[in-house]
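Subject: Structure for you to look at

Hello,

Here is the structure I said I would pass on. Please open it alongside this message.

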Amino acid sequence: MALFSLRLLERVRDPLFRHCLAVRPALRPRSAAASQAGRVVPVIWQRRPEVAIVGAGLFGLVVAEHLTRLTPGLRVQITEASSRIGGLCVSDIDPRTGVSFHPHGTNVLATSDRQVWAYVRSRTTAVELRPRAYTSYNGALLPMPLGLEAIEACFGAPLTPEQARRLVKADAAEHQCQPPATAEQAALAALGPRLYEAFVRGLLAKQWGDPTTVTADVFTDHFTLRYAPTAEDTGARWQGLPGGGWGPMLDRLTEHRGISVVLNHRASAADPPPFSRACVVTSPIDHWFGQDLGALERRRTTIDWRLVPAAQAPARGTVTYPDPDLPYYRTHTPALLGAAGAGPQLPGRRRALLVGFERADCAPVGRCGVHQADVTLRTPRNRALADTYLSRAAAQRQLTASGDPRVWFAGRGTGSHDDMGTTIAAALRLAETLARELAARTPPPGSRASWV
Ligand SMILES: Cc1cc2nc3c(=O)[nH]c(=O)nc-3n(C[C@H](O)[C@H](O)[C@H](O)COP(=O)(O)OP(=O)(O)OC[C@H]3O[C@@H](n4cnc5c(N)ncnc54)[C@H](O)[C@@H]3O)c2cc1C
């Protein structure tokens, strides 16, 4: 009985639900161990919530929290496949150094969206930081995004912005093609071959795959070129990281009494969570539909976290490495991001820093390890397949209008490549749309969930 209660408390943190369970003893929890072993054990659901959310990543958590605040009395249940909430934004404390770090990356929020920054600031002690990313070039570290410093290093001379512009334009002249189809074509047209070879080709190849096959927006989404010194660029209007990492804030997002969380359950269209009015699916869209139209191709990133003597550690918090001979393409050194973001260093351990070495992993894509993430490949085939799944979802959602339950697809699972700022912005917008819809629609008596 004690074990039963413990597992239950691990899985569901909702006082309302615990009360329900007491009067519904026939329900049994699905334990993490059973789930991992692949055995089918019944899941305990909250008495049917109005809203179900699939995936307790940043998107799902922000939607749940904002929606329950906007709609008093609403019950929202989040179903999460893994054993913890947070998705790619989880944070941990490294026991050897006491430093807080994000197993999946640096996770600095950079946004110029006032609502996003206000939302984060009202829910955590986000500290404003201005950490700059750097790129390694011939043993030197140059500030990113690419700017006058990189052009001068590449062309080997001090330049005025106008001279730099003329040089790059001349270098790129013979590579103009309209419109560029691949990342390589886009990069050559924008930068010319010299900057491309020095700073871009290796990164594209190591992080996203063959630049001659991935789509042009892989380049345009991740690289810009300035003719002014990058060191003077302040970037997004607000940048920050909560002291202690994002984990505590994400935990707080589930504290509203209308929200419950079910862990260790992988939902799908064939095995959906219960709901009466709306469902938000943030899990991979092809998996949701059982990959019946085909599987989206994915690439895995892995970060190996190691203790490195301070003298040999990267000199900056985030550094990228275009050099094709290095197996990793980025390092993350949380202690160098700023004291507030990094957390304390344990006394006597200052001479070793925690460094994450990020690389693409050729391991077969399946369930990710704790420091791994799968990223949807940005190829024309994948784009077309994702669009087909999305059109199907949208068309079927329209058919279930006027009072029937609806399913929304959102977040990283739809194949979008957002950052944390755009993820929070989209989640806030969706919560506001749902709140309006729920207020406007009165559910017909005895309405039942239907599924796309
Ligand atoms: C490697 C990497 C590093 C990044 N670093 C940064 C950064 O430094 N700064 C920044 O601003 N942005 C960064 N981003 C982007 C940012 O992390 C994402 O935009 C954001 O976290 C997406 O949140 P999400 O909830 O949509 O997805 P996720 O975080 O992927 O959450 C989805 C959740 O759904 C769960 N799930 C999956 N399938 C199921 C299922 N069938 N049933 C139930 N649950 C399921 C998953 O376990 C997960 O918890 C990074 C992205 C990647 C891929």
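The model is predicted, so local features are reported only at pLDDT of at least 70 and side-chain atom pairs only at pLDDT 80 or more, while totals for chains, interfaces and linings use all residues. Numbering starts from 1 along each chain as its sequence is written.

Overall chain

The chain has 14 helices and 17 strands. Helices (H or I, at least four residues) and strands (E, at least two) are DSSP runs, numbered from the N terminus. Of the 452 residues, 43% are buried. Buried means that 20 or more other C-beta atoms lie within 10 Å of the residue's own; exposed means 12 or fewer, partly exposed is in between, and C-beta atoms are placed from the backbone. Among contacts with a separation of 6 or more, 76% join residues 24 or more positions apart. A contact needs two C-beta atoms, placed from the backbone, within 7 Å.

Helix α4

Helix α4 covers residues 58–70, and its 13 residues reach 18 Å from first C-alpha to last, close to the 18 Å expected at 1.5 Å a residue. The expected span is 1.5 Å times one less than the number of residues. Eleven of the 13 residues are buried, so α4 is largely enclosed by the rest of the structure. Among the buried ones are Phe 59, Glu 65 and His 66. The buried residues of α4 pack against β1 (51–54), β2 (76–79), α10 (247–253), β10 (259–262), β11 (278–281) and α14 (420–440).

Ligand

The ligand is surrounded by 37 residues, the closest being Gly 55, Gly 57, Gly 87, Ser 283 and Gly 411. Elements that give two or more residues to this shell are α4, β16 (372–376) and α14. A residue counts as near if its C-beta atom, placed from the backbone, lies within 6 Å of the molecule. The shell has 14 nonpolar, 18 polar and five charged residues. Ala, Val, Leu, Ile, Met, Phe, Trp, Tyr, Cys and Pro count as nonpolar, Asp, Glu, Lys and Arg as charged, and the others, Gly among them, as polar.

Backbone details

Met 144 and Pro 145 are joined by a cis peptide bond, with omega about 0°. Pro 145 is in the loop between β8 (140–143) and α6 (148–155). Asn 138, in the loop between β7 (133–137) and β8, has a positive phi near 50°. Asn 138 counts as exposed because it has 9 C-beta neighbours inside 10 Å.

Regards
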